[in-house]
Amino acid sequence: MSLSAKMVFETKLVVIEANPDEIFVTGEFPFEVTGDGETIISYDALCSCLAGRVEPLLPDRSAKLNWKAGEKGVIKARFDTSRFLGTVDKAIELKLEGEKDPIHLIVRVNVPELVQLKPSTLKWDKGSEAKEKVIKVKINHTEPIKILSHAGNNEKSYPYELKTIKEGWEYEIRVKPTDTSQSGIGMISLRTDSKIGKFKRATAYVTTKPKLKMKPLTEARE
Amino acid sequence: MKSFIIALGSLLVLSAAAGLITWKVVGAPDRAISCDPESLPEHHVCLSTIRNWPEDAILWVDARPRAEWEKNGVKGSVLVNDLEEWFDLEPEFMMQMMGNPRAKVVVYCNQAGCGSSKYVANQLRERHAGTLDFEVHVLQGGIKALLAEGK
């Protein structure tokens, strides 16, 4: 139990494993009020993708901000996953009367990536051998997702072949640059038949570039 | 009453003079956002550390809403946020990194807890940093640290 003034939360971090086709998920932060009671000044989501709500509501459906000792409630955080992939943390910032520091209630959502490109970028060092390299496209879903079309924006320098390993499940993008003596860049765009908006497109990148002469610095904590 | 006004006036003049002398001797107040490199979360970095890096080794990534980036984003920064479609914003970042490779990417957003810079940094790190040999950091204090510095 984490004690915050007189509002005691069971947890301040909720982890949610979102289903691939789940657009909205909700994190719940149950609390109990102790001491002399508590007044909520504000509860703001720090992202337009998140909406906070204090329950139970008052009879007129407005938010209950004044809480008496012994009362129990829950702060719900509704998260819109539609633009996210992978792990994302978003917070509800709760300000209480008489408290200097706000409380952050964090929703951590893991959003699966149904169309996975590994790697998503291919690189050749300038002047190196123009060997063929491969991007593996894998569908991480219970249903197949087919690639409907594909296009490269620099096929002259980076001709490629899309090879179907298993239709709807596994593909390969094979790229062999025509020349690595010059720097170059290109994109290969895929369009799929996924019903979920964010998986209708995928992009792979290809580049030829000189090796960085400067060794990356490492002052920041890694 | 008259003596009270004179006393009050004298007090104000003396206070102003003391403030002015302090300003001259000590300098302008330090409005920098405090940042301790020893206690930073993983992948976060202080602005003071960044200022020791060569400027041309850094690509700044603004993870705030587009209007704010247009208003006061770092000069030369690229917009990559979690408010617009990732696939629409990523190409510009990639064109910048592939066309003019940089060893370091620094992502900033609005405030502590906004989560956007951390998310964008994680995505860039997982998708491209390994292949393109760059490090991805999150600026501690976000845009507030940059504004406090007067940049």
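## Close-up views of a predicted two-chain model

**View 1. Confidence along chain A.** Residues 216-222 of chain A keep a pLDDT under 50, and the model has 13 contacts beyond four places in sequence for them. Here pLDDT is the predictor's confidence in each residue, from 0 to 100. Two residues are in contact if their C-beta atoms, placed from the backbone, lie within 7 Å. This is a predicted model: local features need pLDDT of at least 70, side-chain atom pairs count only at pLDDT 80 or more, and totals for chains, interfaces and linings use all residues. Residues are numbered from 1 along each chain as its sequence is written, while chains are lettered from A and ligands numbered from 1 in the order in which they are written. Residues 1-5 of chain A also have pLDDT under 50, with 10 contacts beyond four places in sequence. Over chain A the average pLDDT is 90, and 93% of the residues score at least 70.

**View 2. Two domains of chain A.** Domain 1 spans 2-111 and domain 2 spans 115-209; these bounds come from an automatic or database domain assignment. Their centres, taken over C-alpha atoms, are 41 Å apart. Five residues of domain 1 of chain A are in contact with four residues of domain 2 of chain A. On the domain 1 side, two of the touching residues are nonpolar, one is polar and two are charged. By this scheme Ala, Val, Leu, Ile, Met, Phe, Trp, Tyr, Cys and Pro are nonpolar, Asp, Glu, Lys and Arg are charged, and the others, Gly among them, are polar.

**View 3. Cis peptide bonds in chain A.** A:E55 to A:P56 is a cis peptide bond, with omega near 5 degrees. A:P56 sits in the loop between β6 (50-55) and β7 (66-67) of chain A. Helices (H or I, at least four residues) and strands (E, at least two) are DSSP runs, numbered from the N terminus. A:K118 to A:P119 is cis as well, with omega near -10 degrees. The loop holding A:P119 runs between β11 (115-118) and β12 (121-125) of chain A.

**View 4. The largest nonpolar core.** This core has 74 residues, and A:I75, B:V61 and B:V107 have the most contacts inside it. A nonpolar core is a set of buried Ala, Val, Leu, Ile, Met, Phe, Trp, Tyr and Cys residues joined through C-beta atoms within 7 Å. A residue is buried if 20 or more other C-beta atoms lie within 10 Å of its own, exposed if 12 or fewer, and partly exposed in between, with C-beta atoms placed from the backbone. Beyond its neighbours within four places in sequence, A:I75 has contacts that include A:F29, A:F31, A:Y43 and A:L105.

**View 5. Where chain B meets chain A.** Chain B brings 37 residues into contact with 32 residues of chain A. On the chain B side, β1 (44-45), α4 (86-99), α5 (116-132) and β5 (135-139) each give two or more residues. The largest share, nine residues, comes from α5(B). By class, the chain B side has 16 nonpolar, 11 polar and 10 charged residues.

View 6. Chain B has six helices and five strands, in the order α-β-α-β-α-β-α-β-α-β-α. In helix α6 (142-149), B:G142, B:I143 and B:A145 are buried. Down the helix axis, the buried residues of α6(B) fall within an arc of 155 degrees, so they line one face. That arc is of the directions from the helix axis to the C-beta atoms. Their cover includes α2, β4 (104-108), α5 and β5 of chain B. Just after α6(B), B:G150 has a positive phi of about 85 degrees.

View 7. B:L139 lies in strand β5 of chain B. It is buried because it has 27 C-beta neighbours inside 10 Å. Leaving aside neighbours within four places in sequence, its contacts include B:V45, B:V107 and B:A145. B:H43 is 96 residues away along the chain, yet the two C-alpha atoms are 8.9 Å apart. B:H43 occupies the loop between α1 (2-26) and β1 of chain B. Its phi is near 70 degrees, positive in a residue other than glycine. B:H43 counts as partly exposed, with 18 C-beta neighbours inside 10 Å.

**View 8. Two further loops of chain B.** B:D133, in the loop between α5 and β5 of chain B, has a positive phi near 55 degrees. B:D133 is partly exposed, with 17 C-beta neighbours inside 10 Å. B:E55 belongs to the loop between α2 (47-50) and β2 (58-62) of chain B. B:E55 is exposed, with 9 other C-beta atoms within 10 Å.
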